[in-house]
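Good morning, and thank you for the time. Please have the sequence and the model in view.

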Amino acid sequence: MKLYYSTGACSLSPHIVMREAGLPFDLVLASTKTHKLADGTDYYGINPKCYVPLLELDDGQRLSEGPAIVQYIADQVPAKNLVAPAGTMERYRQMEWLNFISSEVHKGFGTLFTPAMPDEAKALARDRVSKRLAWVNEQLEGKQYLMGDSFSVPDAYLFTVTNWSKHVGVDISALSHLGAFMARMAGRPAVQEALKAEGLLK
Ligand SMILES: N[C@@H](CCC(=O)N[C@@H](CS)C(=O)NCC(=O)O)C(=O)O
């Protein structure tokens, strides 16, 4: 499989899950700034949605949308329990988290990363993201990961988006459970490998 990513972008989430899964894959840089691959190919021709992540399967099919991609990857290695079996309540809880992180947190951060966005809109987005993260912080009380004691795919996504806080002035220093979660995630070998591969960690 081939995973198209941009450094530190939301594609870090499927990148982490790939490494947690231990599956072989090629990591292909498709910078959101240039949208060119290393060989000059225009990435927009590969993904007309014009964003990362994109997963290319061995049969050539292409799957987009981070929440779908992480579930697909995790479903390839059921023994690793990266996602609950389809049809179980636990799986719906994980989908509930993935959707929440996507629509309520990820896209709020998106506004903050948009240079042309007026400061007033950014202030509103910062406030909203902070509220959402404060709620997540409460949910993490007494838990190691979003689903309890073990890692599952929404954790990779939460780690990825929360990691943006420091770049856009979202202060999470008072959110101790979220802070502990971030430290726990950062200590996972798969997360360290993914960060190193993207040049985000020495
Ligand atoms: N709905 C998509 C959104 C992906 C997305 O927002 N990707 C951003 C990086 S975090 C991107 O590639 N943006 C490039 C651009 O908008 O030009 C998903 O969940 O996978």
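I begin with helix H1, in which Leu 12, Ser 13, Pro 14, His 15, Ile 16, Val 17, Met 18, Glu 20 and Ala 21 are buried. Buried here means under 20% relative accessible area, exposed means over 50%, and partly exposed lies in between, with a 1.4 Å probe and protein chains only. Helices (H or I, at least four residues) and strands (E, at least two) are DSSP runs, numbered from the N terminus.

Before going further, a word on provenance. This is a predicted model, in which local features need pLDDT of at least 70 and side-chain atom pairs count only at pLDDT 80 or more, while totals for chains, interfaces and linings use all residues. Residues are numbered from 1 along each chain as its sequence is written, and side-chain values use heavy atoms, with hydrogens and water left out.

To return to H1: nine of its 10 residues are buried, so the helix is largely enclosed by the rest of the structure. Against what do the buried residues of H1 pack? Their partners are strand S1 (2–5), strand S2 (26–29), strand S3 (54–56), H3, H6 and H8, where contact means heavy atoms within 4.5 Å. Gly 22 follows H1 and has a positive phi, near 70°.

Helix H6 is also mostly covered, with 10 of its 10 residues buried. Among them are Asp 155, Thr 160 and Thr 162, as well as Tyr 157 and Phe 159. The buried residues of H6 pack against H1, H3, H4, H5, H7 and H8.

Next, a helix pair. H3 (residues 66–75) and H4 (residues 89–112) pack at an angle of about 145°, and their axes are 10 Å apart. The axes are lines fitted to C-alpha atoms, for helices over the stretch in contact, and angles run from 0 to 180 degrees between N-to-C directions. On the H3 side the contact is made by Pro 67, Val 70, Gln 71 and Asp 75, and on the H4 side by Arg 91, Met 95, Leu 98 and Ser 102.

I turn to the nonpolar cores. A nonpolar core is a set of buried Ala, Val, Leu, Ile, Met, Phe, Trp, Tyr and Cys residues joined through side-chain atoms within 4.5 Å. The largest has 51 residues, and those with the most contacts inside it are Phe 109, Leu 133, Phe 159, Leu 178 and Phe 181. H4 gives this core its largest share, seven residues. A second, separate core of nine residues includes Leu 37, Tyr 43, Val 52 and Leu 54.

Leaving aside neighbours within four places in sequence, Phe 181 is in contact with Leu 140, Gln 144, Tyr 145, Asp 155, Leu 158 and Phe 159. Arg 184 is placed in helix H7 and is partly exposed, with a relative accessible area of 26%. Not counting residues up to four places away in sequence, Arg 184 touches Lys 143, Gln 144 and Tyr 145.

Finally, the cysteines. How many disulfides are there? The count is zero, a disulfide being a pair of cysteine sulfur atoms within 2.5 Å. The sulfur of Cys 50 is 14 Å from the closest cysteine sulfur, in Cys 10, which is too far for a bond. Cys 10 counts as buried at 13% relative accessibility, whereas Cys 50 is partly exposed at 35%.
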